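Hello,

Here is the structure I promised to pass on. Please load it and keep it open while you read the notes below.

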Amino acid sequence: MTSNTRVVVIGAGLAGVRLARRLGELGVPAVLVGEEEHVPYNRVLLAEVLAGRYAPEVIALPAPERLVRGRAVCIDRAGRRVQLADGTEIAYGTLVLATGSNPVLPPLRGLFGPGRTELPQGVHAFRTMDDCLGLSAAVRHGTRAVVIGGGLLGVSAARALARRGAQVVLAQQGERLMERQLDPTASRLVLRHLTELGVEVHTESRVRGVRCVEGAVRSVEMADGYALGADLVVLACGVHPRVGLARDAGLAVHKGVIVDDELRTSDPHVRAVGDCAQHDGQVYGLAAPALEQAEVLAGLLAGTPAGAAPAEGAVPGYRGTRALTRLTLSPAGSPGGPLGSDGRPGPGGRPSPGGPLDLAAFGEQTPLPGDDVVQLTDATRGTYRKVVVRDDRLVGGVLVGELGTVGALARAWEGAEPLPADGAPLLHLLTNDGGS
């Protein structure tokens with residue numbers, strides 16, 4: 001293996017692992033550098049580990065052939081070498097940044113003191129396996145837990161902690177839960193789901209600070225002066241692309257590391273994929289685009305574009321992802337259905353408290369003048385389905401409840417093909433609970 005042919009991938013998350021494994025399958029020498037002590041894992045499923053449904057090893061990813069443990073601290077672009085924190089240097093022909101993202105730590109009073117960079121005892125981010133294991137070790141039945149942030153991550157964390165028996169309060173600065181992904185009706189159903197689990201939700205509530213005694217959190221202070229007693233605080237305030245390594249190396253960075261259609265940065269020998277990459281002005285921060293970018297880049301680097309052969313004269317590359325946001329949280333216990341069931345609603349047709357939370361959002365949910373909207377709501381079962389059709393094409397939707405329909409609807413949306421004029425197939429998809 002020579003350095004001028006070797007691909008070095010920095011970051012052992014979903015994108016980095018997929019890329020390294022695909023390159024190995026295509027016969028391209030690749031080295032994956034991961035800084036976490038744990039084996040690579042599926043970050044999307046951390047909430048299921050916290051909820052007690054999965055053991056950490058269950059969400060492990062198949063490791064590529066060559067995995068180096070270490071933290072990359074410097075890129076020598078002239079010499080095409082990466083330096084790790086322990087002094088190790090790794091030469092590369094092509095370097096791929098798959099560094100992911102970091103949690104946003106809000107500027108709360110009392111979170112950090114002079115000269116202190118560690119979070120107080122009891123305050124946790126929720127981004128890595130270490131974060132997850134730390135929370136799991138700290139939570140007990142009756143633990144007073146405050147989750148700050150009502151987005152996708154905050155909802156997942158609050159539900160998982162409630163399943164573990166904690167007394168959970170969720171504080172959301174916005175007017176409703178998951179407001180970036182869901183419309184008001186879907187948000188209300190998520191709120192109902194959390195409330196049935198015993199989670200106390202406060203929207204339009206701004207957190208001002210945390211109060212600590214002898215280095216351990218004791219309460220969360222709200223902007224209106226109210227204090228929430230807390231043994232545990234989870235910061236779920238979003239993420240931002242991890243671009244420090246790229247910026248220090250002089251690569252072009254805006255919100256993320258800027259890449260072209262071949263996922264190439266401002267240095268032709270350096271590529272970027274996943275949460276850290278910014279393509280056509282967009283940073284996705286979702287698993288599906290990260291995996292698609294990894295597949296495309298593996299094909300480009302191997303000289304065999306992933307997927308179907310491009311049309312004659314076409315240049316293979318990444319054209320963006322029509323991303324679908326999906327959240328599926330199953331009950332604690334054996335994989336499958338809610339407590340004592342097979343995943344269907346319990347007696348009376350209504351999901352039991354703590355049953356599965358399944359939702360999906362994609363495309364444009366707010367109709368424009370002239371658009372058609374198909375909306376089905378079943379208050380008893382707690383299900384909601386809305387799709388927006390424009391010029392006989394599915395342009396977006398939001399679904400909450402049992403989602404056997406997601407796969408087929410997503411394919412119709414991604415394909416952007418005209419729908420049949422009578423609308424019957426679309427109605428069938430919206431009302432069919434079987435299979436995806």
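Predicted model: local features only at pLDDT ≥ 70, side-chain atom pairs only at ≥ 80, totals over all residues.

The strands under discussion belong to an open sheet of five, in the order β3-β2-β1-β7-β19, with parallel pairing. The edges are β3 (67-69) and β19 (270-272). Each has a single partner strand, so one side of each is left without a neighbour in the sheet. On average, neighbouring strands here are turned by 25° against each other, direction ignored. Within the sheet, β1 (residues 7-10) pairs with β7 (residues 94-97) over four bridges, in the parallel sense. Val-7 has Thr-94 in β7 as its bridge partner.

Now the helix pair. The axes of α1 (residues 14-25) and α7 (residues 287-302) come within 8 Å and cross at roughly 25°. Angles under 35 degrees count as roughly parallel, and α1 and α7 are therefore roughly parallel to each other. The crossing is right-handed. On the α1 side, the contact includes Leu-14, Arg-18 and Leu-19. On the α7 side, it includes Ala-287, Leu-291 and Glu-295. The residues of this contact divide into eleven nonpolar, no polar and three charged.

Last, a hairpin. Strands β13 (residues 207-213) and β14 (residues 216-222) run antiparallel and are joined by six bridges. Arg-211 stands opposite Ser-219 in β14. Two residues lie between the strands, and Glu-214 in the turn has a positive phi of about 50°.

Best regards

How values were computed: Residues numbered from 1 in each chain as written. Heavy atoms only, no water. Axes fitted to C-alpha atoms, helices over the stretch in contact; angles between N-to-C directions. Parallel < 35°, antiparallel > 145°, perpendicular 65-115°, else oblique. Left-handed = near helix turned anticlockwise from the far one by under 90°. Contact = heavy atoms within 4.5 Å. Nonpolar A, V, L, I, M, F, W, Y, C, P; charged D, E, K, R; others polar. Pairing = 2+ DSSP bridges.
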